[in-house]
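Q: Hi! Could we go through this structure together? I'd like to pick out a few spots and talk them over.

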Amino acid sequence: MPDARVKKHPTAKQIEKLDKHYLWHPFTQMQDWIKDPQIIIESGKGSYLTDVRGKKYLDGVSSLWVTVHGHRKKEIDTAIANQLGKIGHSTLLGLSNVPAALLAEKLVRIAPTGLSRVFYSDSGSTAVEIALKIAFQYWQQKDAKYRSKTDFISLREAYHGDTLGAVSVGGIDLFHQIYKPLLFSTTKIDSPHCYRCPLGKSLPGCRMACAQKAEAIIKKHAAQTAALIIEPLVQGAAGMLMQPHGYLKAIRRLCDKYDILLIADEVATGFGRTGALFACEHEGVSPDIMAVAKGITGGYLPLAATLTTEEIYRGFLAEYREFRTFFHGHTYTGNPLACAAAIANIDLFKKEKTLRKLGPKIAFLKKELRGFAERAHVGDIRQKGFMVGIELVQDKTTKRPYPAEEKIGIRVVQECRKHGLIIRPLGNVLVLMPPLSISIRELERMVKIVRNGITTVTESQ
Ligand SMILES: Cc1ncc(COP(=O)(O)O)c(C=O)c1O
């Protein structure tokens, strides 16, 4: 066991020792973790992270897709400090607090039209759980003829979080398969993924056959279905799978036609990631329920929200004795510090014209990434805004994937780290998700390190 005395002024080496002795990291094979040297972050500024040894890294995944305006952003630091001078936490169960109410109004103002109520929680997973439970309870309370609407439709390859409801509507076998006995069953529709189209077709000739196939399934299960849940435009954790333009709108139309609620999981896509504040905006879609988290606080504190329409909210109003209350709430729901950070984060979008400045950066990134296409093992480059997936393949012509044992993504990521860039792989897909505030020069540097990393790892074998 590490010596307890090291904790007062620990050296980098001592901290790593403590980490390896006491911590259990998420999505991590700890047997590998404890063997290798690890990066331990001590501070950050703008697009950079600095480790305990003083080495600087570009944060190419926005600290797991959350950082928006950069690290140590003055306005967000100040908002949290000011709130800290008032109160750190007070409950929303039976009480309210100032930032929670102010933020709710702001969220409704910026959300797709029709979403008018805000239910807070603290992670993307909980925001999704809440969306599922609200959808379920809504139909149970609506009218006896809707009682059969107890099921959900979701997409294959979907990722909606790690709690059991979210896993039930998930579709990534590697993460989800083992828990199957614990999950409620859901109806799956194919992931509309053009590079590896499940129907073996291609755009535009296919005329979005995936949406037509989805209709057959939705129609068949409509009477039993409470809601369809979708990551709008981009299935992130699946490997940045991009939906063809018009797919989301088609799904919205089908949900309307067959009386099914549409849940948009904007946990990853929300707060500017795709180039619009919410991905749904690209197709003029308003969901019935929307889950947001990650970027909501600009990457500072854990906060999430599930937004619903007024119609759904009203479905829960009644005399107490009728027990239509939504009996759900997490201890830190509406935490004032997190809400204060979120308010400052949203205000910065306007103050700094974040989305307007993002347009040219997205275009620059697109242009730079084009150069990757020639590399021998780059199979597909997928980009929507600042969400990028670069799929590495063993054989470009046949699209044959690298076997998992080759850890090709992990190896490229490790190579990039040597040159001062933090990114993460999703299997054979390299993910680039820089903070929206990144500069063109930093973007250029990020792309260069990734390009060299791919070349070194895939072309030197
Ligand atoms: C689309 C989507 N939904 C939900 C989640 C779960 O969010 P959290 O990790 O905050 O629980 C994620 C996380 O990556 C996500 O990408």
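Q: What span should helix H9 have, and how far apart are its end C-alpha atoms?
A: This is a predicted model, and H9 covers residues 209-221. At 1.5 Å a residue, its 13 residues should span 18 Å, and the end C-alpha atoms are 19 Å apart, which agrees.

Q: Nice. Which residues of H9 are buried?
A: Ala-209, Cys-210, Ala-211, Ala-214 and Ile-218 are buried in H9.

Q: Switching to charges: how many salt bridges does a search of the whole structure find?
A: The search finds 26 of them. One is between Glu-16 and Arg-53, where the closest N and O atoms are 3.4 Å apart.

Q: Where do Glu-16 and Arg-53 lie?
A: Glu-16 is in helix H1, while Arg-53 is in the loop between strand S2 (48-51) and strand S3 (56-59), so the pair ties together parts that are 37 residues apart in sequence.

Q: Is Glu-16 buried or exposed, then?
A: Glu-16 counts as buried, because its relative accessibility is 10% and the cut-off for buried is under 20%.

Q: Which residues are linked in a network of salt bridges?
A: Arg-196, Asp-380, Arg-382 and Glu-391 are linked that way. Within that group, Arg-382 forms a salt bridge with Asp-380, with 2.8 Å between the closest N and O atoms.

Q: How accessible are Arg-382 and Asp-380?
A: Arg-382 has 5% relative accessibility and counts as buried. Asp-380 counts as buried too, at 17%.

Q: What about Glu-368, which residue does it form a salt bridge with?
A: With Lys-367, and the closest N and O atoms there are 3.9 Å apart. Glu-368 counts as buried at 16% relative accessibility, whereas Lys-367 is partly exposed at 47%.

Q: Back to the start of the chain for a moment. Where is His-25 found?
A: His-25 sits in the loop between helix H1 (12-22) and helix H2 (30-33). At 19% relative accessibility, His-25 counts as buried, since the cut-off is under 20%.

Q: Which side chain does the His-25 side chain make a polar contact with?
A: The side chain of Asp-19, at 2.9 Å. Not counting residues up to four places away in sequence, His-25 touches Asp-19, Met-30 and Trp-33.

Q: Which residues is Thr-67 in contact with?
A: Leaving aside neighbours within four places in sequence, Thr-67 is in contact with Asp-59, Ser-62, Arg-273, Gly-298, Gly-299, Pro-435 and Leu-436.

Q: Last one, the surface. Which residues form a nonpolar patch there?
A: Leu-164, Ile-178, Tyr-179 and Leu-182 do, with about 430 Å² of accessible area together. Ile-178 lies in the loop between helix H8 (173-176) and strand S6 (187-189), and at 69% relative accessibility Ile-178 counts as exposed.

Technical notes
Residues are numbered from 1 along each chain as its sequence is written. This is a predicted model: local features need pLDDT of at least 70, side-chain atom pairs count only at pLDDT 80 or more; totals for chains, interfaces and linings use all residues. Side-chain values use heavy atoms; hydrogens and water are left out. Patches are made of residues with over 30% relative accessible area and no salt bridge: like charges are joined within 9 Å, nonpolar side chains (Val, Leu, Ile, Met, Phe, Trp, Tyr) within 5 Å. Accessible areas come from the Shrake-Rupley method with a 1.4 Å probe; for residues, only the protein chains shown count as cover. A salt bridge is a side-chain nitrogen of Lys or Arg within 4 Å of a carboxyl oxygen of Asp or Glu. Helices (H or I, at least four residues) and strands (E, at least two) are DSSP runs, numbered from the N terminus. Buried means under 20% relative accessible area, exposed over 50%, partly exposed in between (1.4 Å probe, protein chains only). A polar contact is a pair of N or O atoms within 3.5 Å; within protein, one must be able to donate a hydrogen and the other to accept it, and residues adjacent in sequence count only if both atoms are side-chain atoms. Contact means heavy atoms within 4.5 Å. The expected span of a helix is 1.5 Å times one less than its number of residues.
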